[in-house]
Structure formats: structure tokens, C-alpha cells
Amino acid sequence: MSSLKSKQLLIIGGGVTGITAAYALAKLGIKVTVLERHRYPAMETSFANGGQLSASNAEVWNHPATILKAIKWMLKPDAPLLVNPRPTWHKLSWFAEFMSNIPKYRENTIQTAALAIAAREHLFAWASDEGIDFDLEQRGILHVYRDRASFKHAQAVSALLAKGGLSRVAVSPDEMKSIEPSLQGQFYGGFYTESDSTGDIHRFTNALAQAAQAKGVLIRSNASVVDAGSDSDRAWAKLASGERLEADGIVISAGVESRRFAAMLGDRMNIYPVKGYSITVHLDDETSIAAAPRVSLLDDASKLVSSRLGKGRFRVAGTAEFNGFNRDIRADRISPLVAWVNECFPAVNTRQLTPWAGLRPMMPNMMPRVSQGSRPNVFYNTGHGHLGWTLCAITAVKLSHLVSAWERQAVFPLRTSFLPQQP
């Protein structure tokens with residue numbers, strides 16, 4: 001049998017999941033080539049997300065209340081959750097599977113929390129080993145609630161998170177002010193997770209890409225893959241330039257494009273692109289620098305999160321839009337983010353800000369897909385949804401376990417203590 005170090009893999013996708021996968025595999029001595037269609041890594045969904053490394057946000061969305069809110073907000077353009085009512089087979093099939101996973105709400109929330117906690121250790125260790133500066137803030141995350149009903153639901157969620165190993169504590173409005181003095185507004189209460197943190201996903205991904213390259217990973221930029229295949233012995237990818245690349249195996253970490261590539265490789269991957277928005281407020285004056293929060297927030301009513309990125313940037317992100325592969329940055333979706341800053345942090349000047357939108361790759365059960373395909377040399381590390389930044393390190397490690405087992409011709413169970421078996 002050939003040695004592990006003789007194996008060569010192609011990874012389609014140079015976002016945070018593809019790069020962390022490349023890094024974890026390179027640490028095993030596997031030769032990896034990453035195919036990224038942009039000029040640099042992390043230029044799509046890993047570019048300007050909310051910045052939270054948030055085990056406290058591990059609650060999956062498969063809850064009856066989510067369906068009710070989607071119906072209620074369907075015709076409200078600035079709603080936190082917006083569904084384009086125009087039916088498509090992809091959307092209908094996704095929502096049907098989403099609802100079928102409602103009975104697994106508790107189980108999947110607990111497992112997602114466990115995943116997030118495990119991911120922290122690897123991500124922080126890699127950043128320390130490689131000397132990566134990514135504007136890390138280890139000040140915890142404060143979830144804020146404006147009414148009793150949402151606070152009571154959060155209590156029930158906290159009990160599930162505790163089963164996954166996460167500790168978060170209820171705090172009063174006065175305690176919330178002591179945790180983040182700059183926060184303005186009337187609140188019923190909150191939950192504080194001291195162990196959570198924030199950082200700049202784009203900076204982290206690009207720095208880890210450089211570290212992976214130092215370990216022998218080849219990153220091919222401007223490499224748009226138009227076709228892919230496998231005969232169970234060799235895998236290949238064809239680029240838009242006409243070039244054909246071959247390897248022993250292939251890994252799909254292509255975000256919302258993973259569904260398309262899975263179909264080429266004989267697998268079904270019902271990922272839907274769920275658009276999220278963000279604004280990066282540039283703190284150009286001393287008043288704004290002092291008034292912007294240092295503690296990360298999640299506002300349950302508006303479904304918005306915030307992160308402080310170094311001295312001069314304040315990121316606000318969130319909302320969910322089911323509108324296919326539309327990447328337009330809509331003013332009516334950005335306005336609520338700006339209004340939230342003006343309401344909660346009125347001394348912050350929002351004159352200079354950068355809007356952004358990205359498509360989150362979401363599976364109907366809200367769980368990442370880490371598995372072998374129907375062909376033994378095809379692997380998937382995708383479908384992380386809104387928690388790609390939070391979960392990427394542990395899924396990269398799990399992928400490396402799968403690849404190692406494949407090399408050794410062993411049977412590796414898809415069900416682990418962290419990842420449920422995928423259909």
C-alpha cells in the first residue's frame with residue numbers, strides 16, 4: 001500500500017472551510033492543491049461575516065417558531081428573516097427537509113454546541129502555532145433580549161447548550177451594562193458566554209493559507225472549476241481555462257456551489273444559499289472609537305450580531321434571506337443594520353461604512369456535512385451555514401480522520417461523538 005504522504009488531493013474552494021481542511025491535511029503530510037476561483041482566498045462568504053466564534057449561537061433553526069416567523073415576515077422587506085415567495089424546486093425541497101428535521105432540534109443543537117467547543121481548541125492552537133493575528137477579542141458574547149418570551153426561550157436553549165458542554169449565564173439589565181457599558185436601550189435581560197470570542201475571518205483565512213503553503217499546499221488562484229469527476233481510483237477537475245488536473249482524491253469545500261459539484265460526482269447535497277448581510281463601520285474619530293462596544297453582542301429581536309475588529313472597525317451582521325443565488329446588496333436590507341447601530345450605540349458615527357452580502361451554505365438540518373461520497377475518493381467538508389467560522393477547525397480535523405482512514409483502507413464510521421450521520 002502506498003504511504004499516506006504519497007496521496008494527492010484536490011480541494012475545490014478556498015474559503016475558511018477549504019483552507020482549514022488544506023492545513024489539517026498538510027499537517028498529516030498529504031499533498032494538497034486548493035482550487036480557488038478568485039484571486040485570493042476568502043473572497044466570498046468568508047470575507048466579511050459577523051466575526052463571532054460563537055458556541056453560544058449553536059441553536060439550530062429547525063423550530064416551529066422559525067416557520068411562523070418566515071410566514072409572518074414574508075412580505076416585509078426589512079424583516080430579519082425574508083423568504084422570496086416565488087417557488088422553486090430547490091427551495092421547496094430544502095424547506096421540506098428543514099421541517100422534517102424539526103424533531104431533531106434538541107439533538108442537533110446539543111451536537112452543534114459540542115462541535116463549536118471542540119473547534120475552539122484547534123483554531124486557537126493553529127493561530128498560536130503559526131503566529132496569526134486576526135483581531136482576536138476574547139471578551140465573551142452577550143445575547144440580549146427585549147421581552148420575557150424570548151428570554152424564557154433562551155433559558156431553554158441554555159439548558160441544551162449545557163448538555164453540549166457550554167456554560168452561559170443569565171444576566172440582568174444592570175449586569176448587561178456592566179459587561180458592555182456602551183450599550184443603550186431597554187432590555188428584559190441577557191445571557192453571557194464568557195468563553196466565546198470574535199475575530200476577523202478574512203485575516204485568519206489568508207494567514208492560515210500562507211501557513212498551509214509553507215507546509216507544501218499549492219493554492220491555485222483564478223482557478224474556476226467547471227467540471228469534476230472520479231472513477232474511484234483517480235479524481236479530476238477541469239478548469240475554465242481547459243486545464244485538467246488529476247489527483248488521488250477530491251474534497252468539496254465549495255460553499256453554496258457544493259451542491260452543483262456533488263451532482264457531478266454522483267451525490268446529492270441539498271445546500272441552499274441563504275444570504276446574510278453585514279456592515280463594517282469605520283471608526284474614524286476618537287468619539288466613535290470610545291463609543292463602539294468591545295464585547296460582542298447578539299440581539300435576538302433583530303437577529304443581528306456585532307464584533308469589534310481592532311481599534312478602528314465595528315462589524316454588524318445578520319439577517320437571513322432565501323432568494324436563491326442572488327448576491328445583490330439591497331439598501332432595504334442594509335438599513336436595519338445601520339439603524340441598529342444608531343439605536344444601540346448613538347455616539348458611533350455611521351457616516352463611513354462598507355456594506356457586504358454573502359451566501360451561507362446551509363443544509364436542511366443546519367449541520368455541516370463531513371463525509372465520504374458514494375465514490376471512496378470523494379470527500380465533503382461543506383454546509384456549515386452561519387457557523388462556518390465557528391465550526392471550521394473541528395470539521396477540518398474530522399475530514400483529516402476520514403482521509404486517513406480511506407488511505408489505510410479502513411472503515412471509518414460517519415457517526416462520531418460530534419457529527420451525526422448524514423443522509
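Colleague: Which word describes Met 366, buried or exposed?
Modeller: Met 366 sits in the loop between strand E18 and strand E19 (369-372); helices (H or I, at least four residues) and strands (E, at least two) are DSSP runs numbered from the N terminus. A residue is buried under 20% relative accessible area, exposed over 50% and partly exposed in between (1.4 Å probe, protein chains only). Since the relative accessible area of Met 366 is 8%, the residue is buried.

Colleague: What pLDDT is needed for local features and for side-chain atom pairs?
Modeller: Residues are numbered from 1 along each chain as its sequence is written, and side-chain values use heavy atoms, with hydrogens and water left out. This is a predicted model, in which totals for chains, interfaces and linings use all residues, whereas local features need pLDDT of at least 70 and side-chain atom pairs count only at pLDDT 80 or more.

Colleague: What is the phi of Asp 135?
Modeller: Asp 135 is placed in the loop between H4 and strand E5 (141-145). Because its relative accessible area is 16%, Asp 135 is buried. Although Asp 135 is not a glycine, its phi is positive, at about 60°.

Colleague: Which hand has the crossing of H1 and H7, left or right?
Modeller: Helix H1 (residues 16-27) and helix H7 (residues 201-214) have axes that come within 9 Å and cross at roughly 30°. The two helices are therefore roughly parallel. A crossing is left-handed if the near helix is turned anticlockwise from the far one by less than a right angle, and right-handed if clockwise. The crossing of H1 and H7 is left-handed.

Colleague: What angle lies between the planes of Phe 95 and Phe 98?
Modeller: Rings of Phe, Tyr and Trp (its six-membered ring) pair if their centres lie within 6.5 Å; planes under 30 degrees apart count as stacked, over 60 as edge-to-face and the rest as tilted. There are 18 aromatic pairs in the structure. One of them joins Phe 95 and Phe 98, edge-to-face, with 6.3 Å centre to centre and a plane angle of 70°.

Colleague: How many residues apart are Phe 314 and Phe 345?
Modeller: Phe 314 and Phe 345 form an edge-to-face aromatic pair, 5.7 Å centre to centre with 85° between the planes. This pair links distant parts of the chain, with Phe 314 in strand E17 (residues 313-322), Phe 345 in the loop between helix H10 (331-344) and strand E18 (353-362), and a separation of 31 residues.

Colleague: How many disulfides does the structure hold?
Modeller: A disulfide is counted here as a pair of cysteine sulfur atoms within 2.5 Å. Cys 344 counts as buried because its relative accessibility is 0%, and Cys 392 is likewise buried because its relative accessible area is 0%. The number of disulfides in the structure is zero.

Technical notes:
Axes are lines fitted to C-alpha atoms, for helices over the stretch in contact, and angles run from 0 to 180 degrees between N-to-C directions. Angles under 35 degrees count as roughly parallel, over 145 as roughly antiparallel, 65 to 115 as roughly perpendicular and the rest as oblique.
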